[in-house]
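Q: I'd like to learn how to read a fold from its coordinates. Where do we start?

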Amino acid sequence: MKKLINIGFGNVANAEKIVSIVSPEAAPVKRLMQTAKDAGTAIDATCGRKTRAVIVMDSGNIILSALLPDTIAARAEGEDKDNLKQS
């Protein structure tokens with residue numbers, strides 16, 4: 001079953017497909033973002049705001065989010081805990 005997490009501004013991502021959530025400040029991540037934009041594999045979910053998190057998916061796509069990585073990670077963990085309680 002898909003676990004969707006809110007990544008900001010009404011956008012959601014499949015939590016089961018996330019490989020990592022990183023800050024866009026490091027040079028390798030900036031290169032990753034530029035490469036993905038050039039290849040057409042970047043999904044911009046910032047709604048025109050500053051990119052604060054880069055979500056790397058197992059499909060090779062990356063998602064740019066205006067939320068902090070900690071916020072997105074907490075939402076993903078929170079949903080996992082809720083699902084465990086219901087089981």
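A: Helices (H or I, at least four residues) and strands (E, at least two) are DSSP runs, numbered from the N terminus. This is a predicted model, so local features need pLDDT of at least 70 and side-chain atom pairs count only at pLDDT 80 or more, while totals for chains, interfaces and linings use all residues. Residues are numbered from 1 along each chain as its sequence is written, and side-chain values use heavy atoms, with hydrogens and water left out.

Q: Fine. In what order do the elements of the protein run from the N terminus on?
A: The order is β-β-β-α-β-β-β-α, which gives 2 helices and 6 strands. Of the contacts between residues at least 6 apart in sequence, 49% join residues at least 24 apart. Buried residues (under 20% relative accessible area, with exposed over 50%, partly exposed in between, using a 1.4 Å probe and protein chains only) make up 31% of the 87 residues.

Q: How do I read a helix, say H1? Which of its residues are buried?
A: The general idea: an α-helix has 3.6 residues a turn, so residues three or four places apart point the same way. Here, Val29, Met33 and Ala36 of H1 are buried. Looking down the axis of H1, these buried residues fall within an arc of 70 degrees (taken from the directions from the helix axis to the C-beta atoms), so they line one face. Arg31, Thr35, Asp38 and Ala39 are exposed on the face turned away from that buried side.

Q: What do the buried residues of H1 pack against?
A: They pack against S3, S4, S5 and S6.

Q: And what should the 13 residues of H1 span?
A: The rule is 1.5 Å times one less than the number of residues. For H1 (residues 27-39) that comes to 18 Å, and the end C-alpha atoms are 18 Å apart, which agrees. Just past H1, Gly40 takes a positive phi of about 80 degrees.

Q: Now strands. How many residues of S5 are buried?
A: Keep in mind that in a regular strand the side chains alternate between the two faces of the sheet. In S5 (residues 53-57), 5 of the 5 residues are buried, so the strand is largely enclosed by the rest of the structure.

Q: In which sense does S5 pair with S3?
A: Pairing needs at least two DSSP bridges between two strands. S3 (residues 18-22) and S5 are antiparallel, with 4 bridges; Ile18 has Met57 as its bridge partner in S5. S5 and S6 make a hairpin with 4 residues between them, where Gly60 in the turn has a positive phi of about 95 degrees. S4 and S6, by contrast, pair in the parallel sense over 3 bridges, with Ile62 in S6 as the bridge partner of Ala42.

Q: Where is Phe9 placed, and what is its phi?
A: Phe9 sits in the loop between S1 (4-8) and S2 (11-14), and its phi is positive, about 55 degrees, although it is not a glycine. With a relative accessible area of 43%, Phe9 is partly exposed. Cys47 also has a positive phi of about 55 degrees without being a glycine; its loop lies between S4 (42-44) and S5. Cys47 is partly exposed as well, at 48%.

Methods. Contact = heavy atoms within 4.5 Å.
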